[in-house]
Amino acid sequence: MKPFDTRRWTGIVAITLLLLGTGVIVERPGLVLGGVIGIAYAAGSRVGEAPAPDLRIERKLSNATPEPESTVEVTLEIENTGQTLSDIRIVDGVPPGLEVTEGSPRHASALTAGASTTVSYSVRSIRGTHEWSPIRIITRNLSGSRERESRHETETTLICIPELTTGAALPLRGLTTQYTGRIGTDLGGTGVEFHSERQYRSGDPARRIDWNRLARTGQLATKEFRQERAATVVLLVDARKEAYRAADEGGENAVERSVDAAGHAATALLESGDQVGLAALSPTDCWLPPGAGRDHRQRIRNLLAENPAFGSTPPDETLYPRSAFRVLRRRLPADAQVLLFSPACDDTITRLARRFDAYGHLVTLVSPDPTTDETAGMVLAAIERQNRLSQLRRSGIRVVDWGEDSLASAVADARQGWLR
Amino acid sequence: MSHSNGPPPAEQATRDEQTPDDAALPESNTTEERSEGVGKFTEPLGASYRESRTEADSDSLVTIDERPARTSSAFAIAASIVVVVVAATGGAIPSVVAITGLGLVGLAGVTAYRTALTAGSVLLFLAVIFGGIGGLSPLAILIGIGATVFAWDVADHGVDLGRRVGRNAQTRTNEFVHAGGSLAIAGLAAGFGFGVSIVISGGQPVTALVFLLLGVVLLASALT
């Protein structure tokens, strides 16, 4: 960038003239001589241009692939390979998601040619891929009258992928595939739980004949069991701008909690033989078709951790819900259920949930609660959210209102209100 | 998925029935919005959520202590004390004005309040002028003015560093270099002024001095 005038010394000429004038009027040579100082500073401010820095900067991380919530030390080694820099300030481009816990990513120094300095600070790692943005470098001449800002690109990436752990198993709804799984259906057939009895048809396996009944009445009857089937589930995480809300300052936002819950759900569902897909309700496209197996689990893990759609900061663009819905509808397999993770902070999400439900993709909403009761506005927001949730419940959508306690207990609470 | 095209037939049937064309959807939206009169009504009150941090304020995320850098503030206060000492030899009014100035510069050194810095510096400057009118020696005036400008320069530098880099960053080298440069200019100028004051002690008219200084200015501007 071009150097520019900081206008720091604009007043110095006025000071000088004031001294000279007063000195002449009151006839004090001492005051007139005081003007020399002003002249000297004015002259000093004309000397030198803000230098263009020529630096070699290296950024080192103590661990580039840390566990979540661990401390990573960042060291910047700065070497001046150009001319002397009498006033240089360095502002490191810390990724927006990372929090600096110790030290400062900023530094001001003076570097003679060939001199070097180091800046070190610590950040706390959180889920995701974090890229450092360019380093801002501000140089000034000695008097500070000229300034130049430049950027220095030093690419560093910190990748933090949390393990997927099995948490609360989210109960699914009755929309299933033809494959055997763990969801009890209302259909009779093979299974464990008794369902009904019907008249014997030739070819029925002998094991399923109700021999007691035959002994009692002399009639042949076949026992039916409740069929248990697997489901296709698409985990849909609301990662719109509106979902990035947290109950307390610096606390986990709703998207973080949603992603966490989606991870738990994915593991639990994959373990019970269901097909799991993943999608983000975000301007950034993210779609993984339903699948099963260990590789698929790994894919979900990576997507949840690294995909920019689930980033730790809100996206810039807005999502157009109607087109997003259309795209998702095209992608969803016909027999897919939707597990929707959203704080339900606006009406768009209720509308979307009801629409998915209406199109036959049974919806279960898991809603991390980002509301508090500190101000009247926040109380109002909480009430509006509750209204939205009960509206959804009325339209037959299962809702897990997930407050501050664990997801498992929220699910247990919610379950009591559900019909089978 | 190869097997996802085999849902129970019943499901398929209901879905086909339910599928309206997308054109019908906006219609249902508007009615839904209209029915939510409560939401509309409460809007001016402002249901508020706590937004989580965004990309835009990523700079503020790295919370920096925006108070001025310590070393520069210390230099500025020290220089202001020099001005107070100089002004104290010039009588009561200059000392009172200078002490007020010192207080304001000190305040700016703690709170990064730029207006206080400007006002304080102006007061220090006025204190020296009042002292000069009252009859301070040329050397005292030179030291007073030099210390005033130096105090403003380092304090302003400190405030700027505080805003840009923050108090908890390492800034000492930078501050020493800047203060050193500033002190060198003030020292050289005061030395030059003092030399001239010895030479002209014969009692030449003040206007001659002004012309001398104008000559210095022209020379300086020709050189740079």
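Are Arg388(A) and Glu384(A) buried or exposed? In this predicted model, both residues are buried. They are joined by a salt bridge in which the closest N and O atoms lie 3.5 Å apart. Arg388(A) and Glu384(A) both belong to helix 8 (residues 376-394) of chain A, where they stand four residues apart and are thus separated by about one helical turn.

Helix 8 of chain A comprises 19 residues, and at 1.5 Å a residue it should span 27 Å. The C-alpha atoms at its ends are 27 Å apart, in agreement with that expectation.

Salt bridges were then examined across the model. Side chains of opposite charge can pair when their charged atoms come close. With a side-chain nitrogen of Lys or Arg required to be within 4 Å of a carboxyl oxygen of Asp or Glu, the count over all chains is 33 salt bridges. One of these connects Arg56(A) to Glu79(A), with 2.5 Å between the closest N and O atoms. Arg56(A) is located in strand 2 (residues 55-61) of chain A and Glu79(A) in strand 3 (residues 71-80) of chain A, so this pair ties together parts that are 23 residues apart in sequence. Glu79(A) is partly exposed, its relative accessible area being 27%.

A further salt bridge is formed between the side chains of Asp238(A) and Arg240(A), at an N to O distance of 2.8 Å. Asp238(A) has a relative accessible area of 1% and is buried. Arg240(A), at 5% relative accessibility, also counts as buried.

Salt bridges also link residues of chains A and B in a network. From chain A, this network includes Arg8(A), Asp87(A), Arg89(A), Arg140(A) and Glu147(A). From chain B, it includes Arg114(B), Asp153(B), Asp156(B), Asp160(B) and Arg164(B).

Charge is also grouped at the surface. Asp248(A), Glu404(A), Asp405(A) and Asp413(A) gather there in a patch of negative charge.

Notes. Residues are numbered from 1 along each chain as its sequence is written. Chains are lettered from A and ligands numbered from 1 in the order in which they are written. This is a predicted model: local features need pLDDT of at least 70, side-chain atom pairs count only at pLDDT 80 or more; totals for chains, interfaces and linings use all residues. Side-chain values use heavy atoms; hydrogens and water are left out. Patches are made of residues with over 30% relative accessible area and no salt bridge: like charges are joined within 9 Å, nonpolar side chains (Val, Leu, Ile, Met, Phe, Trp, Tyr) within 5 Å. Accessible areas come from the Shrake-Rupley method with a 1.4 Å probe; for residues, only the protein chains shown count as cover. Lys and Arg count as positive and Asp and Glu as negative; His and the chain ends are not counted. The place of a charge is taken as NZ of Lys, CZ of Arg, CG of Asp or CD of Glu. Helices (H or I, at least four residues) and strands (E, at least two) are DSSP runs, numbered from the N terminus. Buried means under 20% relative accessible area, exposed over 50%, partly exposed in between (1.4 Å probe, protein chains only). The expected span of a helix is 1.5 Å times one less than its number of residues.
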